[in-house]
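Please examine the model shown here alongside its sequence.

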Amino acid sequence: MRKVLKGMASLLGATFLTISAASSAQVELDFYYPVAVGGPITKIVEDMIGRFEQANPDIKVNAVYSGTNPETLSKVLTASRAGKPPAMAVMTALDMYTLVDEDVIAPIDDFLKTEEDKAWLAGFEPAFMWNSQHDGKTWAVPFQRSTTLFYWNKDAFKAAGLDPEVGPQNWQEIIDFATKLTVKDASGNVTQWGVQAPSTLVPYWILQGYAAQNGARLGDETGTKTYFDKPEVVEALQFWADLGQKYKVMKPGVIEWATNPKDFLEGRAAMITTTSGNLTNIKNTAKFPIGVQIMPGHKQRGAPTGGSNMYIMKDAPAEQQEAAFKLAKFLASTELASEWSIKTGYVATRADAWETDAMKAYLKEFPLAGVSREQFPYLIPEFSTHDSQRVQRAIDDAIQAVLVGSKSAEEALKAAQQEAERILKPYQD
Amino acid sequence: MIQANASPIAGTNGASRALETVGAYMLALLWALPFLYVVWTAFHSAEYEVNFNLFAPITLENFVTAWHSAPFARYFLNTFMLITMVLASQLVVCTLAAYAFAKYDFPGKTILFFLVLVQLMIMPEALMVENYATAASLGLVDTIVAMGLPYLASAFGIFLLRQTFMTVPKELDDAARIEGAGPLKILLKVYVPLAKPVYIAYGLVSVSYHWNNLLWPLVVTNSVTTRPLTVGLQVFSSPDQGVQWGIISAAALMTSAPLLIGFLLFQRQFVQSFMRAGIK
């Protein structure tokens with residue numbers, strides 16, 4: 001009798017436990033993001049997540065600021081290998097191959113349950129999906145995306161006798177404009193350079209733009225082949241190097257990514273190429289009227305996409321993955337994608353996000369924010385390969401060697417191509 | 001320090017001594033330049049970042065902005081707890097291990113000591129994944145303990161203290177033993193006091209290392225309540241939106257101030273201890 005009672009009691013207890021577990025089943029998930037853009041943007045992310053939690057009381061999101069882009073990648077890989085991955089993380093678009101090779105991310109297709117889900121994923125601009133697709137699957141949701149834009153100082157244009165409303169439209173005009181815009185003082189020192197493009201942090205990104213304008217790509221879409229030594233790429237790098245070495249209209253040597261916009265804002269460079277992500281900052285800081293346009297062309301127009309996507313981790317528990325997918329859908333919904341773009345300056349990645357009332361009002365007040373959209377027809381995917389960090393290193397070193405004049409473009413790119421082929425050999429079948 | 005450079009052995013006459021002094025100042029200036037720039041940008045508004053003007057208005061605004069950009073008070077506390085824990089544990093573990101290696105004979109001593117030395121050759125970053133897995137299996141991810149755990153013992157500390165303990169004359173040890181002191185008492189009354197300069201030098205090196213350590217703390221922690229200062233500083237690295245050097249400088253100055261003050265206070269002992277270690 002006693003035994004039976006005890007059995008019943010434990011049964012009851014067990015039932016009670018299951019019930020209470022089910023009723024308080026709040027899914028908690030970690031979301032790593034590298035928004036390396038200072039305090040305000042962190043607050044925007046936190047605010048959006050707060051609204052998501054309000055709409056989904058059964059989900060709790062721990063938004064974890066995870067350092068710079070490379071640090072976020074190490075943190076995610078470390079946690080994944082230890083079997084404790086976050087449910088979702090924001091990592092650069094070009095990390096896709098690395099993440100697939102490491103087998104740590106789950107394809108987004110697995111979570112598309114309804115027609116509405118599918119329509120949502122189909123709503124992104126194709127250009128921003130190229131870096132998410134591999135092997136017939138979609139691996140990432142576009143989040144903080146950017147492209148390169150061409151900025152100029154209207155006051156400097158006026159001083160040089162140029163029409164301040166029209167920027168250079170092709171390579172020849174870049175040289176012509178920049179020659180007029182390069183100003184020297186009495187002793188022959190340059191006080192204002194005609195044009196600048198950054199050559200640290202992501203030199204390959206800038207070269208990719210010049211190559212695209214010259215009708216070439218740096219690599220194919222399988223992530224296993226590079227075309228560094230193609231004559232069009234050599235010409236593109238030669239053009240970049242010539243601006244400093246032959247025409248003497250660009251600051252010679254390597255130009256720091258972070259000081260490039262600074263030089264522009266301080267009036268030491270009249271025209272610069274930099275990310276669209278810097279537009280809001282430049283607009284707010286510049287003491288002179290600025291002009292912004294899409295990248296000048298050569299044989300054709302062309303510019304790469306850049307920035308980061310949201311990835312769902314393969315080894316996270318299923319209920320966390322489902323919750324993460326909900327969060328991704330929320331953050332990249334029409335309304336939020338548009339709000340995110342307005343508040344941060346990142347490019348809105350959905351066609352419908354450009355049509356919201358908020359976006360229309362914003363574009364009316366700040367038309368320059370629409371320039372990146374004009375570039376959509378000319379966008380190419382960001383150069384990405386397997387083992388991308390090492391391949392990037394090879395091409396970045398080559399670019400810098402040419403810009404400082406220690407190697408010829410042909411020689412440097414040939415060596416980089418050989419190095420890349422060696423790194424990519426294991427992936428080529 | 002300058003006097004030390006212009007020692008009577010090197011400078012035989014006034015001219016060469018003056019030359020050396022000038023040289024020393026030049027080198028010191030070169031070394032201090034980045035630091036001076038940080039101080040300059042931290043106390044001036046953005047337009048003076050690249051324009052030098054002696055009478056530029058001094059502002060504390062950068063410090064205010066930096067302080068409010070991240071919960072620095074909490075980060076200071078976390079860093080403080082981290083280095084206290086690491087240093088306390090390192091001192092105890094290294095002292096005991098070094099004492100055993102220096103003064104006792106036991107089977108496998110040489111092999112064990114070599115194993116300790118092998119650790120000196122391995123970068124802690126190479127073990128990050130393994131360490132993370134250990135921390136995760138102990139349920140310690142996102143705690144201050146996890147940040148310190150891989151550093152609680154230090155091969156460098158054991159090696160340094162063993163070398164120091166080996167130089168202590170056997171007579172002192174014997175004298176204490178005759179007085180009836182046990183092994184622990186001998187350690188505390190004879191060896192530790194004699195190794196004091198080495199302890200100070202090692203302590204400063206260890207504290208500054210953990211004060212500056214970034215990658216492991218960043219990887220193993222997730223929340224404001226556990227993260228140290230270095231992670232807080234990361235908030236300012238923003239290549240997309242342009243870099244505000246003034247605020248970065250102010251934050252860097254603020255977070256390194258305790259270390260700088262500590263070094264200035266202990267400078268004499270710090271330099272002396274290394275010099276003495278060299279003489280031995």
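The model is predicted, not experimental. Chain A is divided into domain 1, which takes in 25–139 and 306–332, and domain 2, which takes in 147–302 and 386–427. Between the C-alpha centres of domain 1 of chain A and domain 2 of chain A the distance is 31 Å. Nine residues from domain 1 of chain A and eleven residues from domain 2 of chain A take part in the contact.

How much area do domain 1 of chain A and domain 2 of chain A bury between them? The value is about 720 Å², with 47% of it on carbon and sulfur atoms. On the side of domain 1 of chain A, Leu94(A), Tyr97(A) and Asp101(A) supply 59% of the area buried against domain 2 of chain A, more than any other three residues. Between domain 1 of chain A and domain 2 of chain A there are zero salt bridges, whereas three residue pairs are in polar contact. Helix H3 (69–81) and helix H4 (96–101) of chain A each supply at least two residues of the side of domain 1 of chain A that touches domain 2 of chain A. Of the elements on that side, H4(A) gives the most, with three residues.

Attention now turns to a helix of chain A. H10(A) has 15 residues and spans 20 Å from its first C-alpha to its last, close to the 21 Å expected at 1.5 Å a residue. Its buried residues include Val233(A), Leu237(A), Phe239(A), Trp240(A) and Asp242(A). The buried residues of H10(A) pack against helix H8 (171–181), S8, H9, helix H17 (388–403) and helix H18 (409–424) of chain A.

Salt bridges are the next topic. Side chains of opposite charge can pair when their charged atoms come close. Over all chains the count is 19 salt bridges. Glu102(A) forms one of them with Arg81(A), the closest N and O atoms being 3.0 Å apart. This pair links distant parts of the chain, 21 residues apart: Glu102(A) is in the loop between H4 and helix H5 (115–122) of chain A, and Arg81(A) is in helix H3 of chain A. Glu102(A) counts as partly exposed because its relative accessibility is 34%, and Arg81(A) also counts as partly exposed, at 47%.

Arg373(A) and Glu355(A) likewise meet in a salt bridge, at 3.4 Å from N to O. Here Arg373(A) is in helix H16 of chain A, and Glu355(A) is in the loop between helix H14 (334–344) and helix H15 (357–365) of chain A, 18 residues apart. In chain B, Lys109(B) forms a salt bridge with Asp105(B), the closest N and O atoms being 3.7 Å apart. Salt bridges that share partners join Asp47(A), Arg51(A), Glu339(A) and Lys343(A) into one network.

Two backbone positions complete the account. Leu201(A) is not a glycine, yet its phi is positive, near 65°. Leu201(A) is found in the loop between strand S8 (190–196) and helix H9 (203–213) of chain A. Lys248(A), also not a glycine, has a positive phi of about 55°. Lys248(A) is found in the loop between helix H10 (231–245) and helix H11 (259–265) of chain A. Leu201(A) counts as exposed because its relative accessibility is 52%, and Lys248(A) counts as exposed at 52%.

Key. Residues are numbered from 1 along each chain as its sequence is written. Chains are lettered from A and ligands numbered from 1 in the order in which they are written. This is a predicted model: local features need pLDDT of at least 70, side-chain atom pairs count only at pLDDT 80 or more; totals for chains, interfaces and linings use all residues. Side-chain values use heavy atoms; hydrogens and water are left out. Helices (H or I, at least four residues) and strands (E, at least two) are DSSP runs, numbered from the N terminus. Buried means under 20% relative accessible area, exposed over 50%, partly exposed in between (1.4 Å probe, protein chains only). The expected span of a helix is 1.5 Å times one less than its number of residues. Contact means heavy atoms within 4.5 Å. Domain bounds come from an automatic or database domain assignment. Buried area is the accessible area (1.4 Å probe) that two parts lose on being put together, summed over both. A salt bridge is a side-chain nitrogen of Lys or Arg within 4 Å of a carboxyl oxygen of Asp or Glu. A polar contact is a pair of N or O atoms within 3.5 Å; within protein, one must be able to donate a hydrogen and the other to accept it, and residues adjacent in sequence count only if both atoms are side-chain atoms.
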